[in-house]
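Student: I have a model open and want to learn how to read it. Where do we begin?

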Amino acid sequence: MMRATHIAGLLMGVSWLLAAGHAEAQSDLPPAKILRSLQFVQDSVVMGDHSARDMQKFLLSAFDTTLRTSDMSVFSDTKNADAALIYIMSGGNPATLNYLVAKDVQGYFDSRVVNVLQKYLSGRGGLVDKVVSDLIPEYRNNRLGPYLMLIAGNIAYTKDPAAALPFFDDARLSAPGTIIEEAALRRSIMATMQLKQPEKGMVYARKYAVRFLHSPYASQFADLFVSLAIDSFGPVTTKDIGEIAELMDAERAQEIYLRIARQASLQGKMELAQFAAEKANGIAEDTGDTTREPLSKLYSGLSDISGQDVLSAQEKLASIPESELSPRDLALRNAAKTIAEQIMQPPSLAAATTVSSSSGPATEGSRAPVPAGKTEEAASQAADAAPLKTFFDKNRARLNEIDSMLKQEGG
């Protein structure tokens, strides 16, 4: 309630300024005061108040105007100087940093921090990795500290994800409930995936799900969580996945389960695919929402193809109306139906005999050599007689190829 009231107050003030046509009036406020409002709004956004996003844009613009129009003497107060640097690290205009530095003949800004920001923002963070690391003990208890920790982690991640994790941990613990913690948690999950530490990754994923599921960046978390669940299945169990999904609203959880079912099917992780498809179906039954039922059937059918009841999988796939699938999923459905139909065909004795005969010596009176095209056909038919697992593995590669092609076409 307090957060909503504060934002409402900010909106009223901004509305007055805009109505009066005097956005430049923000220049009358010192940077430190504008920073408090900006931080509050940014933290509100990652906690789920998306209505504050317009306010965030306005405050960034107003902040930029203030920094460019203020007399340089205002930065003699270190709070205002720090506020300017935090603005840059909070999505502000990098050109404004260069503008201020060019006018800073008195040395109000810490040249070491300025150097770090200029190198980092221009994509040359690796040149100042030691500089920023050395700055952190000095700034640990300063308002700049969490931001510098996050930057240090981002720089370290490109070379050594293991070295990045302590920086991310320090950043999130120094600024709980803020946009800093939200970003640090996402980057921590990425680092654990690079390090092949799935159990640790799930700890970070749980922390994120508890606090930031309604962040505008939660879609990035969803991508990471799906990849973590699939790539590390085994160390990451269905119980682990289910516990985190339970923290989500029904719609989001169902989407996660469907994505896991799809990718797990394509990668041949049928236990995981079946689990995820069943969970998605269960959510649909509990909520009465059938809009995603075709997808549930599709991914459940994909996972069933390599099981015992191929006929049931075939019927399930055939029952999905084409009009309810996207072109990409329709192609998957058709490919899966073809595979199921081929699996259900009995082995061809004639094909086996042909292969056997063509492999013997070409004596006079024997059958004429089999043309190349016929040989390929016989080999294809003989594959039907191979063990089910081998056959499915071969055709799963076809599903993956189709999926990759459609992803490229779809951008």
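Predicted model: local features only at pLDDT ≥ 70, side-chain atom pairs only at ≥ 80, totals over all residues.

Student: Which residue does R140 meet in a salt bridge?

Tutor: Side chains of opposite charge can pair when their charged atoms come close. Here R140 pairs with D170, at 3.5 Å from N to O. R140 sits in the loop between helix 7 and helix 8, while D170 lies in helix 9, so the bridge ties together parts that are 30 residues apart in sequence. D170 is partly exposed as well, at 27% relative accessible area.

Student: How far apart in helix 9 are D169 and R172?

Tutor: Three residues, so about one helical turn separates them. Their side chains form a salt bridge at 3.2 Å, N to O. D169 counts as buried, at 18% relative accessibility. R172 is buried too, at 11%.

Student: How many salt bridges does the structure hold?

Tutor: Twelve. Some share partners: D110, R112 and E138 are joined into one network. R112 is partly exposed at 34%, whereas D110 is buried at 17%.

Student: Now the helices. Which residues of helix 7 are buried?

Tutor: Look at how residues are arranged around the axis. In helix 7, residues 129-139, the buried ones are V132, L135, I136 and Y139. Their arc is only 115 degrees around the axis, which puts them on the same side of helix 7. K130 and P137 are exposed on the other side.

Student: What do the buried residues of helix 7 pack against?

Tutor: Three helices: helix 6 (111-121), helix 8 (145-157) and helix 9 (161-174).

Student: Why are the buried residues of helix 6 on the same side?

Tutor: The buried residues are V113, V114, V116 and L117. They span an arc of only 160 degrees around the axis, and therefore share one side of helix 6. Their cover includes helix 4 (78-89), helix 5, helix 7 and helix 8. Check the backbone just after helix 6: G123 takes a positive phi of about 80 degrees.

Student: Is T96 buried or exposed?

Tutor: Buried, with a relative accessible area of 0%. T96 lies in helix 5, residues 94-103. Now list its contacts, leaving aside neighbours within four places in sequence: D64, L67, R68, Y87 and I88.

Student: Which members of the largest nonpolar core touch the most other members?

Tutor: F109, F221, F225, I241 and I260, out of 93 residues. Helix 12 (residues 218-231) supplies the largest share, nine residues. Take F225: beyond four places in sequence, F225 contacts M202, A205, I241, I244, M248 and I256. A second, separate core has five residues, including L298, L317, L325 and L330.

Student: Zoom out. How many helices and strands are there?

Tutor: The chain has 21 helices and zero strands. Of its 411 residues, 44% count as buried. Take contacts between residues at least 6 apart in sequence: 67% of them join residues at least 24 apart. The accessible surface comes to about 20600 Å², with 53% belonging to carbon and sulfur atoms.

Student: Where does pLDDT stay under 50?

Tutor: Start with the average: the chain has a pLDDT of 80, and 67% of the residues score at least 70. Residues 11-26 stay under 50, with 14 contacts beyond four places in sequence. Residues 349-389 are also below 50, and that stretch has 20 contacts beyond near neighbours in sequence.

Technical notes. Residues numbered from 1 in each chain as written. Heavy atoms only, no water. Buried < 20%, exposed > 50% of the residue type's maximum accessible area, 1.4 Å probe, protein only. Helix = DSSP H or I, 4+ residues; strand = E, 2+ residues; numbered from the N terminus. Arc of directions from axis to C-beta. Contact = heavy atoms within 4.5 Å. Core = buried A, V, L, I, M, F, W, Y, C linked by side-chain atoms within 4.5 Å. Areas by Shrake-Rupley, 256 points an atom, 1.4 Å probe, with all protein chains shown as cover. pLDDT = per-residue confidence, 0-100. Salt bridge = Lys/Arg side-chain N within 4 Å of Asp/Glu carboxyl O.
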